[in-house]
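Please keep the model open while you read this note.

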Amino acid sequence: MRKSDRNALVQRWSILLLVLISLSLLTRIARADGGVVLWQRISAPFTITLFSTEVPLRPGVADLSVLLESTEGHSPILDARVLIELEHEAGMIIRAEATRSQARNKLLYCSLINLPKSGQWKMKLHVRRGDDNADVISDIVVGAPQPMFLSYWKLIALPPIIIGLFIANQCLRRKRVQFKPEWN
């Protein structure tokens, strides 16, 4: 392989690596306003949608967000009270209130709940707005904790990526320095 072909290949791989790094940083931004829909239920007069930033849920802090809409016009409801109750299959009960002040997206009611155990959880969602009440019951599965290596793979991968970009930079600089046009 000629040196110019090798340098062109290094340059292409460097650009591809830079694009992949950029895309991996954007994926977190794209999912920041509520996450993934876990379920949607209609309990008159509300349409209730539950979001989570992580699927599957794992032990630790879980960001659960609720979108309330009227069933008639599908307009968001911003003046309700949302209570979340989680009951583990072993009998442990966790209660929390979801509020709009905790949410980044002010159309959602958000609650950060610490899930101490994996397993089956029964979720009871109580919604109250004036004289209107709704209760929704659902099962939620909390998976096993993620291995430490998988939790921090982006941080672990960062130094080799930086070293690779530095090597590609040095190869490209060497190519520029070796090329000296002759002036006649």
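1. Start with a term. Two strands pair if DSSP finds at least two bridges between them. Strands themselves are DSSP runs of at least two E residues, numbered from the N terminus. Keep in mind that this is a predicted model.

2. Now apply the term. Strand β2 covers residues 46-52, and strand β3 covers residues 60-70. These two strands are joined by 7 bridges and run antiparallel. Take Leu 50 as an example: its bridge partner in β3 is Val 66. Find both residues on screen before you go on.

3. Where does this pair sit in its sheet? The sheet is open and has 4 strands, in the order β1-β2-β3-β6. Its pairing is antiparallel. Two strands form the edges: β1 (36-43) and β6 (108-115). Each edge strand pairs on one side only. Neighbouring strands of the sheet are turned against each other by 20° on average, with direction ignored.

4. Look next at strand β4, residues 81-88. Strand β4 pairs with strand β7 (residues 119-129) over 8 bridges, in the antiparallel sense. Within this pair, Trp 121 of β7 stands opposite His 88.

5. Strand β4 also pairs with strand β5, residues 93-98. Here there are 6 bridges, and the strands again run antiparallel. Val 82 has Ala 98 in β5 as its bridge partner. Which residue takes a positive phi in the hairpin of β4 and β5? The residue is Gly 91, with a phi near 110°. This hairpin has 4 residues between its strands.

6. Finish with the second largest pocket. How much space lies in this pocket? The volume is about 240 Å³. The lining has 11 residues, and those closest to the pocket's centre are Ile 21, Ser 24, Lys 154, Leu 158 and Ile 161. Helices α1 and α3 (153-178) are the elements that each give two or more residues to the lining. The largest share comes from α3, with 6 residues. As a general rule, empty space shows up when a probe the size of a water molecule is rolled over the atoms.

Technical notes. Residues numbered from 1 in each chain as written. Predicted model: local features only at pLDDT ≥ 70, side-chain atom pairs only at ≥ 80, totals over all residues. Heavy atoms only, no water. Axes fitted to C-alpha atoms, helices over the stretch in contact; angles between N-to-C directions. 1 Å grid on protein atoms, 1.4 Å probe; cavity = no way out; pocket = protein on both sides within 12 Å on 5 of 7 lines; lining within 4 Å. Points joined across faces, edges and corners; volume = space filled by probe spheres on them.
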